[in-house]
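Here are my notes on the model, as numbered points. Please read them with the structure open.

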2 protein chains.
Amino acid sequence: MPGISIDCVIFGFHDNQLKVLLLKIAGINEYGLPAGFIYKDEHIDTSAKRILNERTGLHDIFLQQFYIFGDPHRCDDNITKNVFENTNINAPKSNWLLQRFLTIGYYALVDFAAVNATPDYFSETCEWHDIHNLPVLAMDHSDIIQKALFTLRTHLRYEPVGFNLLPSKFTMPELQSLYETILDEKLDRRNFQRKMLSYGILKRLKELRKGVAHKAPYLYSFDLRKYHKALNEGFQSAW
Amino acid sequence: MPGISIDCVIFGFHDNQLKVLLLKIAGINEYGLPAGFIYKDEHIDTSAKRILNERTGLHDIFLQQFYIFGDPHRCDDNITKNVFENTNINAPKSNWLLQRFLTIGYYALVDFAAVNATPDYFSETCEWHDIHNLPVLAMDHSDIIQKALFTLRTHLRYEPVGFNLLPSKFTMPELQSLYETILDEKLDRRNFQRKMLSYGILKRLKELRKGVAHKAPYLYSFDLRKYHKALNEGFQSAW
């Protein structure tokens, strides 16, 4: 479909850092988000999943649209124009890729270790970058990442986050560390535990984490039935 | 811009009912949301404000995009096709209005009494309908309204809602009644008051509500500086 693209903000969690997957654009010293277009008969969610799969090799990933970016000047710094020039593709000025297009932002939370990062036709590399140390980004991609991060932080308040970002078994301090990394702030240990348990999405396992000093912490896993119910309905309101 | 439209879910509050503004489509017995398209050089937020203004006469209204609807079959039941046939407009089949288009959903909360409801070129009437008693809706407009309502209920949990829906001075029971109507459930009076006050967006006025039996309740108004700060940043997290 002309006039509209999809940009994916793909978050991974590694070494207590929040990472985002970026492409180095061919021929210029700027980076961009994994992006693509919508086939004529394709649901937009399917397009987003296809783009994510092409860049990461992953299937069945939780992916959520979060905003549509519709500033008429967002394409003034046009990646496609640069790429066309650098790769000697002759496109007429009327080509819609050289005109304004809207973009739909999707965000995904993925298992950092499972990603097989693959550049696309327009890019030289596809790599993880620390959210606190991003390179120069093309067009409005910096705004798109900030909006995705803001949305993710908001979602932490009313829907479950963490599946895909954590191993299948984790300790409460590991879960807290994930939340602290996303929120970029320290949380109170007891409040965090009380609140997380109140959501009813965790199963406490009979195993303890082995090989740690002092008291061995309990292991937890997500109760996926309740987790997905909460994803669809939100956590029960606090009213 | 071809291939993309905007639909506005305009909520009003009247007699403790949540209402939505709908257009009766010309020539068929179905209703639709106030809708329109995006001019070539127009920001999508500006398009939405223009559409809202054309249908209600209102300016400076809080309007929020909440979702983009991108099912390839959402236009199979094409309003435009019906209207073209009923108004004897001859459009070639290749006209983009007869093809698939995506739609961006915006929702607005408006002062019911201030609206001057005005039909558009494609419709016979423009009227308020109770959210619990909607007529037959065209295309996916029923889904769009349900998604807007779900979003509004979610937003009640983490950002301020109520300005534009209430008079400038209101009592705590009136504010609670608005929340109960939106959520479609009864809330605990003391919890509600404690929680609302904790957000710091209300000013208690020195006046009391006059002419009521028993103890006269305090009047409140929104502290608009804090209200808009909370709209941009969300309420402080409960973590």
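1. In this predicted model, helix α3 (residues 141–158) of chain B packs against helix α4 (residues 172–183) of chain B, at an angle of about 140° and with the axes 9 Å apart. Axes here are lines fitted to C-alpha atoms, for helices over the stretch in contact, and angles run from 0 to 180 degrees between N-to-C directions. The two helices, α3(B) and α4(B), are therefore oblique to each other; angles under 35 degrees count as roughly parallel, over 145 as roughly antiparallel, 65 to 115 as roughly perpendicular and the rest as oblique. From α3(B), the residues L149(B), L152(B), R153(B) and L156(B) meet Y179(B), I182(B) and L183(B) of α4(B). Contact means heavy atoms within 4.5 Å. Helices (H or I, at least four residues) and strands (E, at least two) are DSSP runs, numbered from the N terminus.

2. A note on conventions. Residues are numbered from 1 along each chain as its sequence is written, while chains are lettered from A and ligands numbered from 1 in the order in which they are written. Local features need pLDDT of at least 70 and side-chain atom pairs count only at pLDDT 80 or more, whereas totals for chains, interfaces and linings use all residues; side-chain values use heavy atoms, with hydrogens and water left out.

3. The axes of α4 (residues 172–183) and α5 (residues 189–198) of chain A come within 11 Å and cross at roughly 100°, so α4(A) and α5(A) are roughly perpendicular to each other. On the α4(A) side the contact is made by M172(A), L175(A), Q176(A) and Y179(A), and on the α5(A) side by R189(A), F192(A), Q193(A), M196(A) and L197(A).

4. Which residues of helix α6 (residues 224–233) of chain A are buried? They are Y227(A), A230(A) and L231(A); buried means under 20% relative accessible area, exposed over 50%, partly exposed in between (1.4 Å probe, protein chains only). Seen down the axis of α6(A), these residues fall within an arc of 105°, so they line one face of the helix. The arc is that of the directions from the helix axis to the C-beta atoms. The buried residues of α6(A) pack against β8 (162–166) and β10 (218–222) of chain A, while the face turned away from the buried side carries the exposed residues R225(A) and N232(A).

5. The largest nonpolar core has 50 residues, of which I4(A), I104(A), I4(B) and I104(B) touch the most other members. Such a core is a set of buried Ala, Val, Leu, Ile, Met, Phe, Trp, Tyr and Cys residues joined through side-chain atoms within 4.5 Å. Not counting residues up to four places away in sequence, I104(A) touches residues including I4(A), I38(A), I68(B) and L102(B).

6. H129(B) lies in strand β7 (residues 123–130) of chain B and counts as buried, at 13% relative accessibility.

7. Two aspartates deserve a look. D15(A), in the loop between β1 (4–14) and β2 (17–25) of chain A, has a positive phi of about 50° although it is not a glycine. D15(A) is exposed, with a relative accessible area of 66%. D184(B), in the loop between α4 and α5 (189–198) of chain B, has a positive phi of about 60° and is partly exposed, with a relative accessible area of 48%.
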